[in-house]
Amino acid sequence: MFNPGYAYVQGTPVQGQPMMTAPQNMQYMATPPHGQVQMSTPNQYQFASPQQSPGVPCFASANECLSWVPGFGGVHPGAAQTVASRGSQQAQQAVPTSKAIPMPSVVNFDKLIREEVKEFQEACTVLGGPVEQLAKLVHAVFKEQRAMLDKATKMKRPGPDEMHDMLAATEAALHKVEDMASEAAAENPEFKNHLQMIAGAVSSMGWVTSDDPKGLISDALNAIPVFAKYIEGEEGEEHKAVVRSLKTLLRSLRAYADKYHNAGLAWNSWNANAQLSTAKKAVDPDAPQGASGSIDTERARYPAQDILGEFDSLLRDKVVPFVQAAYGLGGEMVAAADCVQQAFKAQRDMLEQVTACRRPGEERLEEMLEATSEVLGELAEFEEAGPGPFQHHLKLVSNGMTALAWVSVELPVTYVTEVVNSLPVFSDKVLKEAKARRKEGEEEGADLDTQLVTHFRESMRGLLNYIKQWHAKGLHWNPNGKVLTYRAHVTASARHVTAPART
């Protein structure tokens, strides 16, 4: 007979295992589970409570154990039943170890991989070549995200550093997709639209960092027709099948995210409400409570350090390598790299004000945007300078840096996603030039061209991920912050950071 809650253990309590009665005729396994030493009789086993803390001694008997628990005076009468001996041969058979049962969110993500991702891969296999290879990389992205989702079901939401580590594998897989799409599109122009469509669609896997996963995936889904209208004009049903299966995949991913992660990636937050409530009372006992008793976590702890720390990591890990590659190329790229640094520095200064202040009025906001606006104007002048050895490099940087105007738009994630998706227009041309330079023996210059494209792309993707995490619905002002007193001279030519048209 099993009595849930208690277990025979040797020396050290094992929490959460069922209690067994100790019949004299019970046969014991030759190889006990979990590495326990074989015991010959049940008398050599002790009892432990699942609530028992480390360091609390085991109990010598079931009666003593249950008498320790409030409300129990001894072993339940039903626990006296015995288990008949099944013979030494049966008793010594190995007992399989139990496996953790995946959560429904993971099971259904497995189903999505097994069905929709497989259907998409099969459609791409018919076309073959780079499209087939890219589909394999897409499958790898889903597998990496599946591993992350499984971890999320077993832990509370981590801090920024641990979250960054958890995202690393998926991000690396996404980089492979984008890198291959760019390179293969230059070498296989007949599949350029297919490759760009797939690479743009797979950016939807960034939903795990958004508090509106459904909206983010919808944006990627709505971008498919930009390329699909050309692909579906190709002769052959196989081209339409790729478009159709990709749409089906994203619709299924959107439905999945809406069902299990509609307010952002779901973590295992068992007992989190009690812990947050305790912390909230310590900060502001009079803070408002929701109808369900939940607390206003925004006011309990505004993540100012995290918001600035993540942006600093973006500068250090993504932007600095780009600047170094640009300096290596020399010429106009040095001045362009300086503008990039100034623009990011201006935005960092602005974010410092954002994390310290409540949202200001429009006039004060315009003053805060001035510095970034001026630098973006300088970058536009580089692009307008005309043909030169770095013509495409400068167009890439100038158009890409318009992403920094996200601070002035209502849907920053959508806006920056569009900028990121447009990068191949010029990055492909730079990579093509690099390939030509390599054939001519200019290895160093070709390497720097490639590095510049790679690091700039990563800077823009890093900015997009940062916005998804901290500013998905617009600048994340401090609700407990001070009133903004920042006031600067505003030039007539640079009052707004706008979203300039990209060529």
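First, the ground rules. The model is predicted, so local features need pLDDT of at least 70 and side-chain atom pairs count only at pLDDT 80 or more, while totals for chains, interfaces and linings use all residues. Residues are numbered from 1 along each chain as its sequence is written, and side-chain values use heavy atoms, with hydrogens and water left out.

Now the overall numbers. The protein has 17 helices and four strands; these are DSSP runs numbered from the N terminus, H or I of at least four residues for helices and E of at least two for strands. Of its 503 residues, 46% count as buried, where buried is under 20% relative accessible area, exposed is over 50% and partly exposed is in between, with a 1.4 Å probe and protein chains only. The accessible surface is about 25600 Å², and carbon and sulfur atoms hold 52% of that; the areas come from the Shrake-Rupley method with a 1.4 Å probe, and for residues only the protein chains shown count as cover. Among contacts with a separation of 6 or more, 74% join residues 24 or more positions apart, contact meaning heavy atoms within 4.5 Å.

On to helix pairs. Axes here are lines fitted to C-alpha atoms, for helices over the stretch in contact, and angles between N-to-C directions run from 0 to 180 degrees. Angles under 35 degrees count as roughly parallel, over 145 as roughly antiparallel, 65 to 115 as roughly perpendicular, and the rest as oblique.

Take α11, residues 304–329, against α17. The two pack at about 165° with axes 8 Å apart, which makes α11 roughly antiparallel to α17. The crossing is left-handed, that is, the near helix is turned anticlockwise from the far one by less than a right angle, clockwise being right-handed. The residues of this contact divide into 15 nonpolar, seven polar and five charged. For those classes, Ala, Val, Leu, Ile, Met, Phe, Trp, Tyr, Cys and Pro are nonpolar, Asp, Glu, Lys and Arg are charged, and the others, Gly among them, are polar.

Helix α5, residues 160–187, also packs with α17, residues 443–470, at about 135° and with axes 12 Å apart. That angle makes α5 oblique to α17, and the crossing is right-handed. The contact residues include Glu171, His175 and Asp179 of α5 and Arg457, Arg461 and Asn465 of α17. By class there are one nonpolar, four polar and six charged.

Glu332, Met333, Ala336 and Val340 of α12 meet His393, Leu394 and Val397 of α14, giving five nonpolar, one polar and one charged.

Last, single residues. Leu265 sits in the loop between α8 and α9 and counts as buried at 8% relative accessibility. Beyond neighbours within four places in sequence, its contacts include Met148, Ala152 and Trp207. Its C-alpha atom is 9.8 Å from that of Thr153, 112 residues apart along the chain. Thr153 is also one of the contacts of Ser105, along with Tyr256, Tyr260 and His261, leaving aside neighbours within four places. Ser105 lies in α3 and is buried at 11%. Pro424, in α16, is buried at 18%.
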